[in-house]
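Biologist: Could we go through this model together, beginning with the ligand?

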Amino acid sequence: MSQDYIHFIDKVHRKTGVDLSQYKEAQMKRRLTSLREKRGHHDFKSYFNALEKDALLLEELLDRMTINVSEFYRNRKRFEVLEHKVIPYLHHQKQKLRIWSAACSTGEEPYTLAMILNRYMPLDQVEILATDLDLNALKKAEEGLYHERSLKEVAPDILRKYFRKEGSFYRVRDDIRKSVTFKKHNLLADRYQKGFDLIVCRNVMIYFTEEAKQKMYKNFNHSLVDGGIFFVGSTEQIFSPQTYGFEVYDTFFYRKWQKKETGNAF
Ligand SMILES: C[S@@+](CC[C@H](N)C(=O)[O-])C[C@H]1O[C@@H](n2cnc3c(N)ncnc32)[C@H](O)[C@@H]1O
């Protein structure tokens with residue numbers, strides 16, 4: 001890594017609390033270099049000086065490093081497993097469920113969860129926390145207004161039931177919106193809440209270094225109740241999940257070991 005880049009990520013860390021060294025280097029550096037060049041800076045030092053003076057430039061940088069692409073029922077088949085296997089399993093043990101959608105982006109994921117859960121229980125029995133690093137994404141999430149391109153996986157009956165058309169956009173029904181609490185949270189730096197029955201963290205871990213991922217797996221494990229489920233993205237399979245206190249429950253779903261069943265120390 002060049003000294004110029006090392007100093008840059010160090011200064012961005014101090015200024016924003018975001019540690020870019022925990023993201024895969026080649027990808028991140030490519031993205032930031034192209035942005036830097038677009039803004040006419042030959043090195044990261046002069047680019048950082050410009051960021052210090054211009055809040056919009058800083059916002060643009062943060063925007064570039066957080067890729068917000070999302071959609072409802074992303075990888076539909078996995079959400080079918082969630083609906084028909086995971087939720088019944090969790091609901092069988094408990095009436096009230098606590099769920100965390102980590103790195104929720106613009107809200108499609110936590111709202112999908114609310115719609116699925118509502119098939120089994122009234123929404124006042126569900127607590128969904130949805131977090132992201134990016135405040136702009138969270139603001140959009142709270143508005144709950146979506147272009148139809150993020151709805152292409154939504155079944156027609158769900159579309160009719162939970163969305164209202166507003167011009168060329170679709171608004172999520174109020175009770176679904178109200179069932180989700182949005183909060184800013186940095187997965188690499190902030191404390192993880194505990195006591196979740198289900199944690200969904202999809203399509204963000206691919207951006208992190210191996211070391212950062214391993215720390216996150218442990219944190220997520222500690223955030224789950226015994227027997228709780230961790231749902232990851234479709235390219236984010238965990239190698240040797242047992243190292244982190246998990247067992248495979250289904251493809252891309254991991255279950256936290258239950259002390260009483262396995263006698264394991266996690
Ligand atoms: C591609 S989106 C994934 C959205 C959703 N989970 C899905 O699968 O459709 C990745 C999200 O991760 C967020 N993100 C990136 N780094 C993060 C961090 N350190 N802590 C929390 N969120 C982060 C970005 O802001 C972005 O909204």
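Biologist: Which backbone atom lies 2.9 Å from a nitrogen atom of the ligand?
Modeller: A backbone N or O atom of Leu187 lies at that distance of 2.9 Å; a polar contact here is a pair of N or O atoms within 3.5 Å. Please note that this is a predicted model, where local features need pLDDT of at least 70, side-chain atom pairs count only at pLDDT 80 or more, and totals for chains, interfaces and linings use all residues. Residues are numbered from 1 along each chain as its sequence is written, and side-chain values use heavy atoms, with hydrogens and water left out.

Biologist: And which polar side-chain atoms lie by an oxygen atom of the ligand?
Modeller: One belongs to Ser70, 2.6 Å from an oxygen atom of the ligand, and one to Asn203, at 2.7 Å from an oxygen atom of the ligand.

Biologist: How much of the ligand's accessible area does the protein cover?
Modeller: It covers 99% of the 600 Å² that the ligand has on its own (Shrake-Rupley method, 1.4 Å probe).

Biologist: How many residues surround it?
Modeller: There are 21, each with a heavy atom within 4 Å of the ligand.

Biologist: Turning to the sheet, what is the strand order?
Modeller: The order is β6-β2-β1-β7-β8-β10-β9, in an open sheet with mixed pairing. Strands are DSSP runs of E, at least two residues long, numbered from the N terminus, and two of them pair if DSSP finds at least two bridges between them.

Biologist: Which strands are at the edges?
Modeller: β6 (180-184) and β9 (246-250), each of which pairs on one side only.

How values were computed
Polar contact = N/O pair within 3.5 Å; in protein donor to acceptor, adjacent residues only side chain to side chain. Helix = DSSP H or I, 4+ residues; strand = E, 2+ residues; numbered from the N terminus.
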